[in-house]
Amino acid sequence: MSKKVAFLQGNEAAAHGALYAGCDFFAGYPITPSTEVSEVLSAELPKIGGKFMQMEDEIAAMAAILGASLAGAKVCTSTSGPGLSLKQELIGYGCIAEIPCVVYNVMRGGPSTGMPTGPSQSDVMSAKWGTHGDHPAICLTPASVQETYEEVIRAFNLAEKYRTPVMVMPDEIVAHMRERVVFPEKGEIAIVPRKSPTVPPEQYKPYDTSFGDVPPLAAFGSGYKFHVTGLNKMQDGFPTTKADVVQAEEERQIRKVDANIDDIVTFEEYMLDDAEVVVVAYGSTSRSARFAVNVAREQGIKAGMFRIKTFWPFPDKQIKALAAKVKGIVIPEMNLGMCSLELERCAQGKVPVLGIFRVDGEPINPDQILAKIKEVK
Amino acid sequence: MAFDYDKWIRPGKLPHIWCPGCGHGIVMKGLIRAMDTLNLKKEETAVVSGIGCASRLPGYIDCCTLHTAHGRAAAFATGVKMAKPEMNVILVGGDGDGTAIGGNHFIHACRRNINMTYIIMNNYIYGMTGGQFSPCTPTGHKASTTPYGNPDPGFDIAKLAIGAGATFVARGTAFHANQIDKLIAEAIQHKGFSVVEILDDCPTTYGRRNKYKSVIEMMNRLKDVAVPVKAAEKMTAEQLQGKVLTGVLYKDDTKPEYTAEYAKVIERAQAAK
């Protein structure tokens, strides 16, 4: 039997990816350019007994998915720049209270209202540093419609596996372009369930580290009763200011991601074997980068591309290895230099990092990238 | 026989954080008696709050409890209720949490008429942060941020709830302790969004700035201003000047409840499939 195929927009694919992953509660607020996710899920979720809510504001949407997740639902919200800013406090709540959820954020021009219909990649730092305090961050940056579909599924899996908010951040070009999507069969992509408690209710503690760095999470209304707070907490969920407990809990939350980087970080290596110049790119920008690398190769320049699929945690190890063997790194991005800061950190001054930064709402074209590749001596 | 509160209190979690003379403990006891009267199952009951002194209440109650972010209790609780409509969902919090930073979530929970009960402890002040004026601080009164008297007019929480679409609205006071459990029990039994405002006192950050010499004086004020709705019917407008109505102020059993309405959405979607 041939697989089901559709011609979809990135946002529509994201909604279908959420459904494949088992999402049964979505709360959102209308915002350009991500609203299509809401539109598709408002139609599709009730068909499978799931629930869609349009909340009174962005903050409420984030709060509702956190509440629903604690009551056992698989949850998602979608937004864009200004909405992401509004959600940030509660994204931090999700991190400290360790509540699985997926935040799908389409990157548009900013700051503030910026260019609601223009593409951008300027939210990647917000994904890690937007909420206050130290916290784990996972952020995926798909580059095609098919990949958006698949990365949303992976985001659900990572959120449930590591019990933390996970962001998926396509730029507006990926979110709004239409491409062919091949749907996987049921069961073809594994769906990771939440770790549920194995102890009886009277012994249950919501942050019990005797089960590892990711403690099992019970659902409200499933026979378990427990306390959840945004305060620094002990293993039983109740607040504490005890220095050693707070330190250990904060470090464990970070460790959930840091100790599993190889499980989380994904990337694509394109013509890197003999590359002397590497273009590091993510999202739609990588499509121009691939074209530029192809042209450079035709002209005898040993160029390659490292495509970031998982922006956070950042692929430090891979970039450090590349920096040790290439002559220069080129980074095209639709912001004024965000990924480039991370690349400079990883390159440690060993090779130049040459940026092409556009915030004018226009995509970065291959010619610009090719010209920059040629600047590497 | 004295009522056994301990069976609803989490072992080892007392003493609470509230100051001597604060009415929040009286409200908590009222809530516990209401839950006990209705035989609510602890595992099937979620108590959800925001931030502030009143919002610390869930930590003491032996149920599924969720202490959220400032102002967001109603929005978190909406998610809990939608995921598990069979659960009893009770919100607790203060006037600043519920009507300032949480005002938008409050009015929209009222509008949806989602079957939850919101107990607002109105002590006219932000107590936890040291006594800044809230949307309920009376005009002219002193707070740490209104040293020359409060220029802002206040909210009437009950009117706000009725105007926004809540279908059960009641008001009590911390002085009238024996009425609190009855109002809360009736609110929980109501199918729709119910609001119970309890006029409360904060001797520490409000009373002493506003010339209340003692907790007793603050409690006596609550006693004096409260007029039961039935009694008010026989009083003139002049007699009601400066008084506050207590009891069940509004009840509407005809407006559709939200989780039931969403169940119909699912039915329609599945029929159209």
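Start with helix α11 of chain A, residues 316–323, where Ile319(A), Leu322(A) and Ala323(A) are buried. Buried means that 20 or more other C-beta atoms, placed from the backbone, lie within 10 Å of the residue's own. These three cover an arc of only 100° around the axis, so they sit on the same side of α11(A). That arc is taken from the directions that lead from the helix axis to the C-beta atoms. Helices (H or I, at least four residues) and strands (E, at least two) are DSSP runs, numbered from the N terminus.

This is a predicted model: local features need pLDDT of at least 70, side-chain atom pairs count only at pLDDT 80 or more, and totals for chains, interfaces and linings use all residues. Residues are numbered from 1 along each chain as its sequence is written, while chains are lettered from A and ligands numbered from 1 in the order in which they are written.

Now look at where the chains meet. In chain B, 33 residues are in contact with 36 residues of chain A. Contact means C-beta atoms, placed from the backbone, within 7 Å. On the chain B side, β2 (64–67), α2 (73–83), α4 (103–112) and α10 (258–272) each give two or more residues. The most come from α2(B), with eight residues.

Strands also link the chains. Strand β9 of chain A (residues 227–229) runs parallel to β2(B), joined by three bridges. Val228(A) has Leu66(B) as its bridge partner.

Finish in the loop between β2 and α2 of chain B, the place of Gly71(B). Gly71(B) is buried because 25 other C-beta atoms lie within 10 Å.

Notes
Contact = placed C-beta atoms within 7 Å. Pairing = 2+ DSSP bridges. Buried ≥ 20, exposed ≤ 12 C-beta atoms within 10 Å, placed from the backbone.
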